[in-house]
Amino acid sequence: MFNSALVYELSALKALAEPIPASGTIWYPGIYEAKRLLAFLEWFLPVESDLIPDNSLLREFVGGSI
């Protein structure tokens, strides 16, 4: 097993997760999980995805991998 976790991973994902509607006016099946995720990500500062190296494993999830 290989641990591929990166120190800046949650900060990079925060910038992508913030557009998730946090208001209760829109309902969809994952709204409670989305709110829980956004509450957790409040502890992190966002990092722009262009700062992630092109050969990073995280790029496979945020787009722009080589």
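Biologist: Where is the place of Ser56?

Modeller: Ser56 sits in the loop between α2 and α3; helices here are DSSP runs (H or I, at least four residues), numbered from the N terminus. Bear in mind that this is a predicted model, where local features need pLDDT of at least 70, side-chain atom pairs count only at pLDDT 80 or more, and totals for chains, interfaces and linings use all residues. Residues are numbered from 1 along each chain as its sequence is written, and side-chain values use heavy atoms, with hydrogens and water left out.

Biologist: Why is Ser56 called buried?

Modeller: Buried means under 20% relative accessible area, exposed over 50%, and partly exposed in between (1.4 Å probe, protein chains only). Ser56 has 10%, so buried is the word. Leaving out residues up to four places away in sequence, Ser56 touches Leu6 and Tyr8, where contact means heavy atoms within 4.5 Å.

Biologist: And what makes Phe44 partly exposed?

Modeller: Phe44 has 24% relative accessibility, so it counts as partly exposed. Phe44 also lies in the loop between α2 and α3 (59-62). Not counting residues up to four places away in sequence, Phe44 touches Leu10, Ser11 and Lys14. Phe44 and Ala12 are 32 residues apart in sequence, yet 9.2 Å apart in space, C-alpha to C-alpha.

Biologist: Which residues make the contact?

Modeller: Leu10, Leu13, Lys14 and Ala17 from α1, with Leu37, Leu38, Phe40 and Leu41 from α2. They divide into seven nonpolar, no polar and one charged.

Biologist: How do you know that the buried residues of α2 line one face?

Modeller: In α2, Ile31, Ala34, Leu38 and Leu41 are buried. Seen down the helix axis, they fall within an arc of 90 degrees, so they line one face of α2; the arc is that of the directions from the helix axis to the C-beta atoms. An α-helix has 3.6 residues a turn, so residues three or four places apart point the same way.

Biologist: What covers those buried residues, and which exposed ones does the face turned away carry?

Modeller: The cover includes α1, and the face turned away carries Tyr32 and Arg36.

Methods
Helices (H or I, at least four residues) and strands (E, at least two) are DSSP runs, numbered from the N terminus. Ala, Val, Leu, Ile, Met, Phe, Trp, Tyr, Cys and Pro count as nonpolar, Asp, Glu, Lys and Arg as charged, and the others, Gly among them, as polar.
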